[in-house]
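Q: I'd like to learn how to read helix packing and a ligand site. Can we go through them one step at a time?

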Amino acid sequence: MKKLETLLVEEKEGIAIITLNRPKAMNAINDTVMEEFGYLFSEGLDMASLKGIIITGSGEKAFIAGADIKEFMELDVDGGTKKSAFGHKVFDSIENCPVPVIAAINGYSLGGGNELAMACHMRICSDNARFGQPEVNLGLIPGYGGTQRMIQYIGKGRAMELLLTGDMIDAVKALEYGLVTHVTPQEELIPTALKILSKIASKGPRAVAGIIKTVNAYFDNTVNGFVKEINFFGEAMGSDESKEGVNAFLEKRKPEFRK
Ligand code: CAA
């Protein structure tokens, strides 16, 4: 893997922890951060050997406080469109990653940072986390998929209110809204993410990748998710992985799935 400037990557027993490391800028996503996420999810990470990925922010104050506003002054219509399109491409690659990705939200999750969290397959947060899409305060709208993905998690009415007011919600409300699935004390955040991913790591990786693909198909209006499910179910049934899973059940033993 090439040397990265803004992202720290460590691997523990097949689980990669990616930490956005710009604490002085509240871990804001500048162009380098976006390029480095793009690199990791296209070629940098060895998906064939990984069983899970955690994305978090450095420090205890911010997960990611949005796109780096300091880069905005230079941008015109063309620059803004290109920035947004590249962000979409990178976040789509996270959403479509065959290995499960958890956002471990350790503080402010704002703007482009919250959009990154929403591109992950699961979100958990520490009890000091705060969530929002404050772009409207800058005369902007979310540019990395936030207007679309937020509706998927919290529904149109709540999404409209958060997007139009730019208000933040706390961890308890985010849990109530379904934006996150667990709230933990700060020190238990990464252990909780590791626990969830370790559990998934004991399942068949083919089935895990198939579930991610089929669930994502529901939100892709160019494909029929039900047809995708039928096709994947058939493929899974014919795989060595399911033979092992079914045999293990019948033989009353733990399955041994291989990556
Ligand atoms: N971009 C660049 N720098 C940022 C930043 C951002 N999004 N958020 C915080 N920072 C910087 C601040 O400028 C400050 O830097 P200096 O010390 O050099 O002045 C440093 O981080 C600390 O920030 P604050 O002093 O403001 O800290 P605070 O505790 O008082 O407030 C905060 C924290 C509520 C997160 C506040 O910093 C804030 O509101 N940040 C901006 C959030 C925002 O608007 N995000 C949306 C960006 S637009 C976007 O994301 C578009 C998109 O969809 C693609």
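Q: At what angle do helix α2 and α3 pack, and how far apart are their axes?

A: Some ground rules to start with. This is a predicted model, where local features need pLDDT of at least 70 and side-chain atom pairs count only at pLDDT 80 or more, while totals for chains, interfaces and linings use all residues. Residues are numbered from 1 along each chain as its sequence is written, and side-chain values use heavy atoms, with hydrogens and water left out.

Helices are DSSP runs (H or I, at least four residues), numbered from the N terminus. An axis is a line fitted to C-alpha atoms over the stretch in contact, and angles run from 0 to 180 degrees between N-to-C directions. Here, helix α2 (residues 77-95) packs on α3 at about 30°, their axes being 8 Å apart.

Q: Which residues make that contact?

A: Contact means heavy atoms within 4.5 Å. From α2 you get F91, I94 and E95, and from α3 there are G112, E115, L116 and A119. Sorted by class, that's four nonpolar, one polar and two charged. (Ala, Val, Leu, Ile, Met, Phe, Trp, Tyr, Cys and Pro count as nonpolar, Asp, Glu, Lys and Arg as charged, and the others, Gly among them, as polar.)

Q: How do the axes of α3 and α4 cross?

A: Helix α3 (residues 111-119) and helix α4 (residues 146-154) have axes that come within 10 Å and cross at roughly 55°. That makes the pair oblique: under 35 degrees is roughly parallel, over 145 roughly antiparallel, 65 to 115 roughly perpendicular, and the rest oblique. On the α3 side, N114, E115, M118 and A119 touch G146, R149, M150 and Y153 of α4.

Q: What about α4 and α5, at what angle do they pack?

A: α4 and helix α5 (residues 156-165) pack at about 135°, with axes 7 Å apart. These two are therefore oblique to each other. T147, M150, I151 and I154 of α4 meet K156, R158, A159, L162 and L163 of α5. Six of these residues are nonpolar, one is polar and two are charged.

Q: How many residues surround the ligand, and which are closest?

A: A residue is near a molecule if one of its heavy atoms lies within 4 Å of it. By that rule 23 residues surround the ligand, and the closest are K61, A67, G112, E115 and E135.

Q: Which ligand atom is 2.8 Å from the side chain of E135?

A: A polar contact is a pair of N or O atoms within 3.5 Å. An oxygen atom of the ligand lies 2.8 Å from an N or O atom in the E135 side chain. A ligand nitrogen is 3.0 Å from a polar backbone atom of A65.

Definitions and conventions
Polar contact = N/O pair within 3.5 Å; in protein donor to acceptor, adjacent residues only side chain to side chain.
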